[in-house]
Amino acid sequence: MQGHTRLFSCAMRLFLRCFRFGRRHGRSKLLKRAGELWSYGKLCAKSLFYNSLTNSDVVIDSLFEPIYWLVDHVTRWFGVAFVFLVIVLTSSIVLIVYICLLPLILDTYSPAWIIWHVCYGHWNLLMIVFHYYKAARTSPGYPPQMKTDIPSVSICKKCIAPKPPRTHHCSICNRCILKMDHHCRILFLKISAWLNNCVGHFNHRYFFSFCLFMTMGCLYCSISSRDMFIDAYNAVEMKSADRLRLRVTVSEVGLPFSIVSLGTLAGQTYYQTPPPPFTFKERVFHKCIIYLWVLCSSVALALGGLTLWHAMLISRGETSIERHINHKEKHRLQKGKVFQNIFHYGRMNNWKVFFGVETKSHWLTRVLLPSAHPPYGDGLTWTHSPTATRRTLLAV
């Protein structure tokens with residue numbers, strides 16, 4: 001009997017050991033299966049979303065894509081309103097200069113300074129109006145649809161047509177643009193909505209010249225009216241402080257005594273030497289000067305940064321779109337290969353090509369004076385930089 005008991009206990013211990021081993025084996029198998037599913041899910045996600053060219057710029061562009069879509073559809077309908085707003089603001093500044101500033105200049109400045117202000121101011125205004133009109137009304141340039149022998153580097157996926165070098169599709173115009181730089185949108189989202197037009201091969205020079213001369217004009221107005229702005233601001237602040245002191249006196253002492261004290265107790269209060277009263281015309285003059293200086297300074301700061309950005313791109317022989325593409329190509333070809341912009345002819349030559357300067361006199365007649373001369377080339381074919389090698393990769 002004792003032997004049977006011992007045999008039974010040994011069998012039970014063996015059964016329990018097998019049961020525990022089976023549970024541990026099943027648990028490890030379940031964990032292994034879960035790990036395999038997790039790895040498979042990561043692989044599927046990477047295969048669907050991962051791209052070797054993905055970087056922070058691509059992620060930011062993807063996040064802002066809904067905003068860009070909204071802006072594209074809004075600017076189609078409100079572009080005219082933006083142009084009207086620019087014309088109204090610019091006209092208001094011109095009126096203030098003619099009505100408020102010019103009479104003071106003619107009365108107080110020396111003849112030499114009068115000649116300088118009159119000549120420079122009117123030249124700058126002429127350049128702004130001319131280049132703005134030409135940038136807004138000139139077609140940016142489109143590749144021909146029927147001609148089949150034009151040189152192309154790819155096929156537009158939306159137009160289903162050959163796409164020449166430096167040509168890109170504009171989602172707002174819904175067609176390809178030669179040497180497209182950008183389509184004017186809302187400020188700080190893309191560029192701005194000043195033109196209600198796409199900036200391409202045939203009006204890029206007008207757009208940059210407008211930005212340049214508008215910046216110069218705003219700086220000129222801000223610097224010229226600085227002293228008058230300080231005087232006008234102090235006058236408005238003095239009047240505001242006057243009203244504040246009157247409110248404090250009325251609230252602390254009482255209205256009847258306060259009114260009496262202003263007349264009979266002048267020797268004991270601030271109102272012994274009240275500030276000179278300003279007429280309605282003087283008050284309007286002060287507010288116009290403040291409005292002019294604040295608006296011109298703000299535009300000069302924002303538009304000046306935009307002008308410097310485009311000047312840097314022109315010096316490199318790039319457009320805004322090409323800068324983004326070339327940056328991605330340089331990042332992709334960091335190992336073993338070197339990317340070279342074949343449209344970079346050197347800084348000075350880039351500016352000559354951009355402005356259409358062929359002789360030294362053209363810097364005066366085509367850059368510093370209004371000129372409607374066509375740009376360099378037809379926008380369909382481009383000569384490569386002499387320093388570009390045959391192995392240079394072309395970003396389209």
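Trainee: What is the volume of the second largest cavity, and how many cavities of 30 Å³ or more does the structure hold?
Mentor: In this predicted model, the second largest cavity has a volume of about 40 Å³, and the structure holds three cavities of 30 Å³ or more.

Trainee: Which residues line the second largest cavity, and how do they divide into nonpolar, polar and charged?
Mentor: The lining is made up of Pro143, Pro144, Gln145, Ile150, Cys159, Ala161, Pro162 and Cys176, and these divide into seven nonpolar, one polar and no charged.

Trainee: Why does Arg166 count as buried?
Mentor: The cut-off for buried is under 20% relative accessible area, and Arg166 has 7% relative accessibility, so Arg166 counts as buried. Arg166 lies in the loop between strand E2 (162-163) and strand E3 (168-170), and has a positive phi of about 65° although it is not a glycine.

Trainee: What makes Lys179 buried, and where does Lys179 lie?
Mentor: Its relative accessible area is 11%, and because buried means under 20%, Lys179 is buried. Lys179 lies in the loop between strand E4 (175-177) and strand E5 (182-183), where this residue, although not a glycine, has a positive phi of about 45°.

Technical notes
Residues are numbered from 1 along each chain as its sequence is written. This is a predicted model: local features need pLDDT of at least 70, side-chain atom pairs count only at pLDDT 80 or more; totals for chains, interfaces and linings use all residues. Side-chain values use heavy atoms; hydrogens and water are left out. On a 1 Å grid over the protein atoms alone, a cavity is a set of points where a 1.4 Å probe fits but cannot get out, and a pocket is an open set with protein on both sides within 12 Å along at least five of seven lines; lining residues have an atom within 4 Å of a point. Grid points are joined across faces, edges and corners, and a volume is the space filled by probe spheres set on the points. Ala, Val, Leu, Ile, Met, Phe, Trp, Tyr, Cys and Pro count as nonpolar, Asp, Glu, Lys and Arg as charged, and the others, Gly among them, as polar. Helices (H or I, at least four residues) and strands (E, at least two) are DSSP runs, numbered from the N terminus. Buried means under 20% relative accessible area, exposed over 50%, partly exposed in between (1.4 Å probe, protein chains only).
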